Amino acid sequence: DKVVEREAKTILSKYVNESGQNMDKAVDEAMGGVLFIDEAYNLLPHPGSQNNTGNEALDALMTRMENDKGKFVVVIAGYKDRMEELVRCGNPGLMSRFNKRFHIDDYDADALTRIFMMNAAKRKFTLTKEAEEVLAMRMRDMVACKGLHFGNAREAVNLLNEVVEMQ
């Protein structure tokens, strides 16, 4: 009943040891629940970079996964190819600790339309029938033209933000 969501950018720091501390804080918050790290591959240093803070964060996570085994669940998520690179090239213990992997297919146009509508309703917006038809068509086009790194629900939320801004 508890999910703590983090992105690499909220964990990483430019200061030595702070990334490890940030990871420890995230794990502390997730105790008894789930730590969800979105776009976890961003913890890997960029090629040629001397910045080691991502490794600090991964090392801290690995230590906590061992020391606090069974007390929390870790889900790392992101684009499939980049996640495979993280598990292969990151901390050597990642492969054995993240031994359950699954791929979730991209949402279809109907699901994206529902996500858009749900988020619009949360923000107290309603659409006319005509606007709903245009939205459904736009979502079909979006799915038909999606690229390799399609953002799924984020695409629907971004579209809503664009619509609200244009309004």
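The legends below describe an overview and several close-up views of a predicted model. Residues are numbered from 1 along each chain as its sequence is written, and side-chain values use heavy atoms, with hydrogens and water left out. In this predicted model, local features need pLDDT of at least 70 and side-chain atom pairs count only at pLDDT 80 or more, while totals for chains, interfaces and linings use all residues.

**Figure 1. Overview of the protein chain.** The chain contains 8 helices and 3 strands. Helices (H or I, at least four residues) and strands (E, at least two) are DSSP runs, numbered from the N terminus. Read from the N terminus, the order of elements is β-α-α-β-α-β-α-α-α-α-α. The C-alpha trace spans about 55 × 35 × 30 Å along its principal axes. Of the 167 residues, 37% count as buried; buried means under 20% relative accessible area, exposed over 50%, and partly exposed in between (1.4 Å probe, protein chains only). Contact means heavy atoms within 4.5 Å. Among contacts between residues at least 6 apart in sequence, 73% join residues at least 24 apart.

Figure 2. Two strands pair if DSSP finds at least two bridges between them. Strand 1 (residues 3-7) is joined to strand 2 by 5 bridges, and 5 bridges also link strand 2 with strand 3.

**Figure 3. I37 in strand 2.** I37 is the bridge partner of R6, and in strand 3 the bridge partner of I37 is I76. F36 stands opposite V75 in strand 3. Apart from neighbours within four places in sequence, I37 is in contact with R6, I11, M23, L61, V75, I76 and A77.

**Figure 4. The largest nonpolar core.** A nonpolar core is a set of buried Ala, Val, Leu, Ile, Met, Phe, Trp, Tyr and Cys residues joined through side-chain atoms within 4.5 Å. Among the 28 residues of this core, M23, L35, I37, L61, I76 and L86 touch the most other members. At least two residues each come from helix 1 (8-11), helix 2 (18-30), strand 2 (34-38), helix 3 (53-67), strand 3 (73-77) and helix 4 (80-89). Helix 3 supplies the largest share, 6 residues. A second, separate core of 12 residues includes I115, A120, M139 and L159. In soluble globular proteins, nonpolar side chains tend to be buried together.

**Figure 5. The contact of helix 2 with helix 3.** The two helix axes come within 7 Å and cross at roughly 35°. Axes are lines fitted to C-alpha atoms, for helices over the stretch in contact, and angles run from 0 to 180 degrees between N-to-C directions. E18, S19, G20, M23, D24, V27 and D28 in helix 2 meet T53, E56, A57, A60, L61 and R64 in helix 3. By class, this contact has 5 nonpolar, 3 polar and 5 charged residues. Ala, Val, Leu, Ile, Met, Phe, Trp, Tyr, Cys and Pro count as nonpolar, Asp, Glu, Lys and Arg as charged, and the others, Gly among them, as polar.

**Figure 6. N152 in a loop.** N152 lies between helix 7 (129-144) and helix 8 (153-166). N152 is buried, with a relative accessible area of 16%. Leaving aside neighbours within four places in sequence, the contacts of N152 are D106, Y107 and L112.
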